[in-house]
Amino acid sequence: MTIQAPAHNPSQLSLLSDASSRLEKALHHVVLSNDALGRLRFPKASLSVSIPVRMDDGSLRVFQGYRVRYDDTRGPGKGGVRYHPHVCLDEVQSLAFWMTFKCALLNLPFGGAKGGITLNPKELSRHELERLSRGYIDAIADFIGPDIDILAPDVYTNAMVMGWMMDQYSIIKRKASPGVVTGKPLALGGSQGRDTATAMGAYNVMTHILPKLDQHPGNTTVAIQGFGNAGAALATFLHQAGYRVVAVSDSEGGIYASQGLDIPKIREYKRDSPGERLRQRHSIQSIYCHDTVCNIGEEIISNGDLLKLDVDVLIPAALENQITAANAGEIQARYIFEVANGPISSAADEILDGRGILVFPDILVNAGGVTVSYFEWVQNRNGFYWTEAEVGDRLNTKMVAETAATWAIAQEKSISMRTAAYVHALNRLGEALDAKGTQDDYLS
Ligand code: NAD
C-alpha cells in the first residue's frame with residue numbers, strides 16, 4: 001500500500017508519501033482488513049487558515065497556519081503545533097500521520113493530529129507572537145477541543161505559547177478549558193515533568209535497550225543533533241548517568257570534545273549567554289535562545305559532520321530528513337535513537353539497515369512527550385494533580401512496556417525496530433477501526 005497526500009496538494013507529496021511508505025513493510029506482518037487499510041490511506045481532515053496579525057509597527061501581516069487530524073478512531077486527535085519557516089501542509093500531514101501511530105504504539109486513547117504556522121518566530125516580538133498564537137486559536141477553534149483535538153508544543157513553541165492558546169480557547173468558549181492544550185505552564189494546569197518528558201521517555205527507552213547491546217555508561221559515546229527542549233534535556237540525563245556526550249549542535253552548528261562535553265556548563269551558557277542578555281534588554285521577555293553552542297569555546301563542527309562522527313550512539317533531535325540517501329553511507333554510529341520526528345528518510349533507512357546500523361524509531365523513542373501530555377489531560381479532567389515522582393514512574397512503566405513489546409516483535413519476526421513498532425501500532429489501530437463497524441460509511 002502506498003499512502004498518497006490529497007490531490008489538492010500535488011507539489012508536496014514527498015514527505016507524507018515517504019513517511020507512509022514505512023507501513024508497507026509492516027503490512028506483511030499484520031492481518032488488517034481492507035476497510036481499515038483504506039481509512040488509513042488519507043488524513044481525515046486538513047484545515048488551512050490565514051491569520052492576520054497587527055504588528056508592533058502598525059502594519060498587518062498575514063500568516064499561513066494548518067491543523068490536520070489524521071485519524072481519530074482511538075480517541076480525540078493529539079499533536080503539537082510547530083512554528084518554523086518550513087511548515088507546509090505536507091509536513092503537518094506527515095507529523096499527524098506519525099502521531100497516529102505513536103499514540104497507538106503507546107496505547108494512548110488518542111488519534112493523531114498536528115498543527116503549524118509558517119514563520120520564523122525569532123523575528124517576532126513577544127507581543128506579536130502572542131497575538132499570532134491567539135489568532136491561530138481563533139482560526140481553528142471549531143476544529144479543536146478537549147474531546148476533539150488537543151494541542152501541545154513542538155519545534156519553537158513552548159509552555160508560554162501553550163498558556164496563551166489555552167487562554168484564548170477558554171475565552172472563546174466562555175469556560176475554563178485546560179484540556180484543549182497540554183504542555184501548559186504548571187500555573188495553568190500543566191503537569192509536573194512535561195517539560196522534560198520527551199527526553200525522559202527517550203532515556204527510558206535507551207537505558208532499557210543499551211544494556212542488551214552491551215553498551216553501558218562507561219563504554220558508550222553519544223552525539224546529539226539539536227540542543228532544544230528534547231536534545232538538551234536528554235544530553236543532561238545521559239551526562240548525569242555517566243554516558244560520554246562528545247558532540248552537540250543547534251541550528252548554527254555543533255561542538256565536539258573527544259573526552260566528553262560539560263553538558264551542564266553548555267546549558268548554563270545557552271540560558272545566560274551574552275546574546276540572550278542583550279535580547280532581554282531589547283524585549284519584554286526573551287522566549288527563544290539567540291546564542292549558539294558554537295560560542296562556548298570547544299572545537300566547532302558542522303551539523304553534517306556531527307552526523308558522521310564515529311560514536312556508539314547518534315541522536316538526531318532537531319528536524320526531519322537529516323539522514324538521507326546522500327549521507328547514510330557515511331554514518332559511523334552503531335545505534336541511532338530518533339528523538340526528532342522523521343530524521344531518517346526511507347531510502348536512508350534501507351542503507352543503514354544494509355550496513356547493520358540499528359535504528360530505534362521516532363514513534364517509540366520520542367513518545368514520552370505525548371505520554372505525559374496524556375497524563376496532563378487526565379489530570380485536567382479529574383482536577384487532581386500528581387507529583388513529579390508519580391509522573392516519572394508512570395512514564396517509565398509505559399515506555400519500558402512498549403519498548404519491550406516492540407523489541408519482542410522485532411526479535412520474533414526478525415524485522416527492524418521501526419517495522420516492529422508499526423506492526424505493534426497497526427494491530428491496535430486495525431482492531432479499533434474494525435470494532436467501529438461500518439456506520440460511518442453510510443453517512444452522507
Ligand atoms: P526545540 O525548538 O526546543 O529545539 C530544536 C533544536 O533544533 C534547537 O536546538 C535548534 O537550534 C535545532 N535546530 C533547528 N534547526 C536545525 C538544523 N537545521 N540543524 C540542526 N539543529 C537545528 O524543539 P524540540 O521540542 O526539542 O523538538 C526537536 C525535535 O523533537 C522535533 O523533531 C520535534 O518534532 C521532536 N519532538 C519534540 C517533542 C517535545 O515534546 N518537545 C516531542 C516529540 C518529538
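## Basis of the values

Residues are numbered from 1 along each chain as its sequence is written, and side-chain values use heavy atoms, with hydrogens and water left out. As the model is predicted, local features need pLDDT of at least 70 and side-chain atom pairs count only at pLDDT 80 or more, while totals for chains, interfaces and linings use all residues.

## Ligand site

The ligand has 22 residues around it, and D154, T198, N229, A230 and N341 come nearest; a residue is counted here if one of its heavy atoms lies within 4 Å of the ligand. Sorted by class, this shell holds nine nonpolar, nine polar and four charged residues. Ala, Val, Leu, Ile, Met, Phe, Trp, Tyr, Cys and Pro count as nonpolar, Asp, Glu, Lys and Arg as charged, and the others, Gly among them, as polar. Domain 1 (43-180) and domain 2 (197-365) each give at least three residues to the shell, with bounds taken from an automatic or database domain assignment.

Polar contacts are pairs of N or O atoms within 3.5 Å. A side-chain N or O atom of T198 is 2.7 Å from an oxygen atom of the ligand, and a polar side-chain atom of D154 lies 2.8 Å from a ligand oxygen atom. In A318, a backbone N or O atom lies 2.9 Å from an oxygen atom of the ligand. The ligand on its own has 820 Å² of accessible area, and the protein covers 88% of that (Shrake-Rupley method, 1.4 Å probe).

## Second largest pocket

A pocket is an open set of points on a 1 Å grid over the protein atoms alone, with protein on both sides within 12 Å along at least five of seven lines; lining residues have an atom within 4 Å of a point. The second largest pocket holds about 360 Å³ of space, a volume being the space filled by probe spheres set on the points.

Its lining has 19 residues, with K25, D353, S416, R418 and T419 nearest the centre. By class, seven are nonpolar, six polar and six charged. The helix α11 (346-354) is among the elements that supply at least two residues, and α11 gives the most, with four.

## Largest cavity

A cavity is a set of grid points where a 1.4 Å probe fits but cannot get out. One cavity of 30 Å³ or more is counted, and the largest cavity has a volume of about 50 Å³. L15, D18, A19, R22, W98, N321, G342, I344 and S345 line the largest cavity. Four of these residues are nonpolar, three polar and two charged. The most come from α1, with four residues.

Note on methods:
Polar contact = N/O pair within 3.5 Å; in protein donor to acceptor, adjacent residues only side chain to side chain.
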